[in-house]
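Dear colleague,

I am passing on the structure below, together with some notes on what turned up in it. Please read them alongside the coordinates.

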Amino acid sequence: MALWAQMTPQLQYLPTQTLNELYPDTFPLDVRHYLASWIEEQRWENFDVDSIEQEPQARRLLEQMVVLLQEVAQHNPNVVERVKLQHFSRNLSVYQPMQLVRTVRDILRKERLLLAQAGMHPNFPPFQQMPQGPPATNGTPQPAREDGKADVDNLVLKVLEIQNCRQTLHQFQEDLNWEKQEMEPIQSQNELDPPNSDQVAKQARIQQIEYNYSVCAEKRVQLIRDAVCALEQCQSCLILRIKTWRWEQHRATIGVQFDDNLGPLQTWCEQVLGVNDKLRQELMLVKRDHGGAEQFLTLEENLAHLLKTLIQSLLVIDKQPPQVIKTQSKFSTTVRYLLGEKMAPGKPVMLKAQIITEAQARNLGQQGAIPNENVGELINSTAILEHNTSSKSTCATFRNMSIRKIKRADRKGSESVTEEKFALLFTTDITITGCESPYSIQAISLPVVVIVHGSQEINAMATIIWDCAFSEPNRIPFVVPERVPWKQMCEALSSKFMSEVQTQRCFDRYNLHFLAQKIFDQPDINEDFSNMPVSWAQFNKEVLPGRNFTFWQWFEGVMDLTKKCLRDYWSEGLIFGFIGKQHLHVILQNQPNGTFLLRFSDSEMGGITIAYVGPSDNGGRKVQNIQPFTKKDLDSAGLGDRIRDINCITYVYPDLPKNEVFKKFFTVPSPPNPDGYLPFKLTTVVNPGDPCTSTPSIPADTPMDMYGPPMNNVYGPNMNPGMFSPLPQATPPYMPEQIPVQGPLYPSPMPAASSSEEIDMEALEGILSSICQNNNKDMN
């Protein structure tokens, strides 16, 4: 599936129309993705689509494709994907065999054509076209060295051919000198005599050697020209691959997989430098043999320019500084030079760092001049490039950097200090062995936001997330769009959540639909939000309606809570998480009392609540929502223990006993302390006035009251009742969309006591007695 591996990274840059034309409804993108290996192993080009004789073979391929797609669907854990793939397999089964062959063949041809044109296509970053290498041990793609290695190997062969040609010329020159030396006595003795056969033969040999010499000399010059051209192409690929590495490092901030191994790239750099050095030597010898002809001046200038470009392009920030930096706080960064082993020995190379503004970074890219104006005071801003023989890397490590103070630019309108981007600029002069003069080199870090207080960190991180997710390759620093399509935001949010929480469970389409409803403030709309533009203001400037926090602040709170307290619950599908009011109505309307699910709080940042079916005052059913648990709550008693303690919830949606599902999360009671103190535990109880401990028997078809309105008004004016139809699942589902809760039943968790405090047992007994009395009243 080498073709698909190259094509996949480019899909995001293709226009929607091109994608639709490339993968039609009759052969969708999903089929191309899931059957990539099998598709590329077949010999589609061998078919004559107009030949009836080959139709049985085409039919066998069609049947194999349908079977394979059905197998993929059966083993897919995602119910939505499984249903979709089964639908695709049914559509394929009605294909005409030869039509299938023609369709797949045309798709593969178009993919190859797109990849071939990618370097000239305006919607493709040129360096995205470098193919990925084989997977590393951690599953991430390795730097693309295969084509680079082939290019370097070809260059080495060209240099060897040039050297052989030079040696052949030398041999021709020696043979010519010898023949002329042998010819001189004969010519002097027989100047007046007619030439004999020996003279004629020697003269013919001399002429042949001179001809061979001239042909070889022309070939030598042409080989050097070809080699310089090939070196330029190979070096361009190398520098583009280094830019790709930097871009992948940038994208890693939002969770995109990234292989940070620079070893193969360093080897590639050293080989390219070696070829350049040998070609310069060969060019010097050619100039000597041809008397310094003007025709070699251009080649000499090209090689000098390639050398300068290579040397100045290989300073790389191996470990980026934090992208949110608090003043007066220590941080570290590591800068690596990929030609470290080729640096001239002697004076140590000192690397200097300074902080620059976005405007200075932009001017740096246009003019290349180092800014003179200091916008911040950077402590411990110098380090020496040191070579590590074991790792074969040459790095400067800044271990204790700190920004003492920062000079802010004039802000416009509602701009905040957490929206202002800076960067660290690293500069030095390097002399490479074999070069006469030093070269000035520099590298710029990813954008950073400088804050002065921890309360600014979440907003600053929003600026960084937006920058990393939506900036374009080769942009002007640090330009980002003001609006992006919602589908791009979906990818960024899901990727960041998975990376931050360290989970393999991603958002499904229900999760993403609810998040869209929330950010666009359209809770009753069930339309496709994919291409709707979402702005930076909607992301983290405008507060959500009825709240005092922005979308990102709310999302970050959910992410932080899940990371610190709920990772295993989320990964095992025990948390619905993001679920909207309408969807909650649909999936719980026919469930018995005590059925519950877990969702993230809509009203409180970093909270998770329990929504469950309980009895209403008029004998029906309604959904109750327990007061959200925050990180502080879950630190004192885990979610599993709290679920175990609440008697009014019994089954995890759809019908799984909670004690079986959450058993692994229950804590074991503590044994008596050896010092004689009795152990205690915190118990979660709901409001003692809640009737959930006494659930009357209600027929299954009784309408359920939920937030007041009758069931025929559950859906909004534009809501399709079938949109959120629950799918049968063997494990607790996880569909998303968050719920604004009205009239929640607030629990009253027991107050936490530290281990150094004694619990007032009389007060505890009084509380428990009160609960029991209220429960008995409800039972009666």
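The charged end of which residue sits over the ring of Y510? It is R509, whose charged end lies 4.8 Å from the centre of that ring, where a charge sits over a ring if NZ of Lys or CZ of Arg is within 6 Å of the ring centre and within 35 degrees of the ring normal. The charged end of R505 likewise sits over the ring of W570, 3.6 Å from its centre.

Please bear in mind that this is a predicted model, in which local features need pLDDT of at least 70 and side-chain atom pairs count only at pLDDT 80 or more, while totals for chains, interfaces and linings use all residues. Residues are numbered from 1 along each chain as its sequence is written, and side-chain values use heavy atoms, with hydrogens and water left out.

Aromatic pairs (ring centres of Phe, Tyr and Trp, the last by its six-membered ring, within 6.5 Å; stacked under 30 degrees between planes, edge-to-face over 60, the rest tilted) number 33. Y569 and F665 form a stacked one, at 4.0 Å centre to centre and 20 degrees between the planes. This pair links distant parts of the chain, 96 residues apart, with Y569 in helix α17 (residues 551–571) and F665 in the loop between α21 (658–661) and α22 (761–779); helices (H or I, at least four residues) and strands (E, at least two) are DSSP runs numbered from the N terminus.

Best regards
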